[in-house]
Each structure stands twice: as C-alpha cells, then as structure tokens.
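Here are my notes on the model you sent. They are set out as numbered points, to be read beside the coordinates.

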Amino acid sequence: MRSLLNPVQRWLWRDPVRRGHRLLRFAEVEADGGRDLARAAELTADAKLRRLYLRHASDEQRHSEIFRQRGTELLRAHRTQSEPAWQPDWLAPGERGLDDVKVDAGGDGPLLAFLHLSEAAAARGFTTYKEAVGDDHDTRTVFATILKDEEFHMTYTRHELARVSPRRQGWLLWKARFGRLWKGYLRIAVAIAGVMGAIVLTLQYFILLPPFAWAAKRAAKRETEGWAAASAPRDLKAQY
Ligand SMILES: [Fe+2]
Ligand SMILES: [Fe+2]
C-alpha cells in the first residue's frame, strides 16, 4: 500500500508552494499536540509520566517551530502566500493524523495507547514524506531531524503503557486502533455523503427545474405589457 502511494506522495510534495503550506499545517498540528501534552502533564498523578509528557510537549513545540521556519522559507523563496486550491490533508496528514488528543478522557492508559499509535503513524508518514520531497535537501533534513524524536515518542509511550496498565495494555491498544478506524470511516462516510448530495442537487437542478421555468415563461407571455386596469373595482378604504 505504501509503495502504491509513493508516486502520489511525490506528486503531492513536488510543488514547493504546496510543500510550504503543508509544512505550515504540520506546524499547527505539532503546536496543538504540544499544548495537549502540557495539559496531560498537569493532570497526571504519576511523577515519571509528568516529566516525560513535559519533555514530549517541548519536543512538539520545537517541531512546530522547525516546520514553520522551513514552510516560511519555501513560501518566501517563491514570493507567494496564496494557498493552492486543493490541499488534501487526508493524503498527507501531520503528526496526529486527523484526530485530536482527548487528554481529559480516561487517564494515562488510554492516552498513552492513543499517543503510541499516532506517534507510530507519524514516524511512518514522515519517513514517506522525507523520500517524497526529492532533492529538497533542507526539507529532507527537517523530516530526518523530527523523525528521531517521533521514534523516541513512539517507544516511550509503549513502555509507559506497559508500566501503568500491564493487564489492560493489549485491550487499550485495540480500543485506540478501533477508535482511529471508526473516525476514519466517519470521515469517508461524510465525504461520500457530500459527493452524493452534490450529485442529487445537480440532477434536481437539471431535471426538476426546467418544467417550472418553461411554465413560468408561458405564463409571462400571456401577461399584457405595462399598466392594466383592475378587473373589478376595489374598496378604497380597505388595506388591500
Ligand atoms: Fe512531533
Ligand atoms: Fe511526536
């Protein structure tokens, strides 16, 4: 599947302006992830996890700055700020995919399971993007640098999940996997419903509207032009 998508990814990353905008989006996702992890550090009662969450949060903040800097450089080099009309987030998602972290729900176990899966997906994604940017050395270096941290995030979340939930770790991972799949299914269903709605409305426009337009034109032809006398005298004291 990954090798099938590679030509699509190369095409997606080829345009430097689109590349710049994608990196700016990634910067937003990383900054958002950093804020979520700082919040997780506030909420946890586990001292070791608090330390790790805080380090994780500062890594994500740093990633955000690295992505923003490179994205801005690319856009400045091409003297444009206007975004391409088509920006498919679902084809090249940032660190958390398209999902947001639910820090307050369920404690450290479910959070670590979610983080482990999304960090693993980020590591896979960034490896693909690193190859897809071709001869853009600076962007390639950006992905290579960030990838090392993502691999650490992926590993520590798995170890900590085994420590804080030794019995439920397998179940929590499956639950998180199912949650990601379910949200993916919902996004696809919403996209298909949008396309179907557009098709049905277009068909209605071309099939149902013409008879009414034709009838209106016929009725308009029967009307006499200009002012016409009322057919019956009206009571001048009445409102209508
Ligand atoms: Fe990151
Ligand atoms: Fe990360």
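1. A residue is called buried here if 20 or more other C-beta atoms lie within 10 Å of its own, and exposed if there are 12 or fewer. Helix H7, residues 209-222, can be judged by that cut-off: of its 14 residues, the number buried is zero, so H7 lies largely in the open. Please keep in mind that this is a predicted model.

2. On the overall make-up, the chain has seven helices and zero strands. Read from the N terminus, the order of elements is α-α-α-α-α-α-α. Of the 240 residues in the chain, 25% are buried. Counting contacts between residues at least 6 apart in sequence, 78% join residues at least 24 apart.

3. Helix H3, residues 47-77, has 31 residues and reaches 45 Å from its first C-alpha to its last, close to the 45 Å expected at 1.5 Å a residue. For H7, the end C-alpha atoms are 21 Å apart, which agrees with the 20 Å that its 14 residues should span at 1.5 Å a residue. Following H3 comes arginine 79, which has a positive phi, near 50 degrees.

4. How do the axes of helix H4 and helix H6 cross? Helix H4 covers residues 108-132 and helix H6 covers residues 169-207; their axes come within 9 Å and cross at roughly 60 degrees. That angle makes H4 oblique to H6. The crossing of the two helices is right-handed. On the H4 side the contact is made by Gly109, Pro110, Ala113, Phe114 and Leu117. H6 contributes Leu172, Leu173, Lys175, Ala176, Arg177 and Arg180. Sorted by class, this contact of H4 with H6 has seven nonpolar, one polar and three charged residues.

5. Methionine 154 is worth a look on its own. The residue lies in helix H5, residues 137-164. Is methionine 154 buried or partly exposed? It has 19 C-beta neighbours inside 10 Å and therefore counts as partly exposed, since the cut-off for buried is 20 or more.

6. The surroundings of methionine 154 can be listed as well. Leaving out residues up to four places away in sequence, methionine 154 touches His116, Glu119, Ala120 and Ala123. Alanine 121 is 33 residues from methionine 154 in sequence, while their C-alpha atoms are 9.1 Å apart in space.

Key: Residues numbered from 1 in each chain as written. Chains lettered and ligands numbered in written order. Predicted model: local features only at pLDDT ≥ 70, side-chain atom pairs only at ≥ 80, totals over all residues. Helix = DSSP H or I, 4+ residues; strand = E, 2+ residues; numbered from the N terminus. Contact = placed C-beta atoms within 7 Å. Axes fitted to C-alpha atoms, helices over the stretch in contact; angles between N-to-C directions. Parallel < 35°, antiparallel > 145°, perpendicular 65-115°, else oblique. Left-handed = near helix turned anticlockwise from the far one by under 90°. Nonpolar A, V, L, I, M, F, W, Y, C, P; charged D, E, K, R; others polar. Expected span 1.5 Å × (residues − 1).
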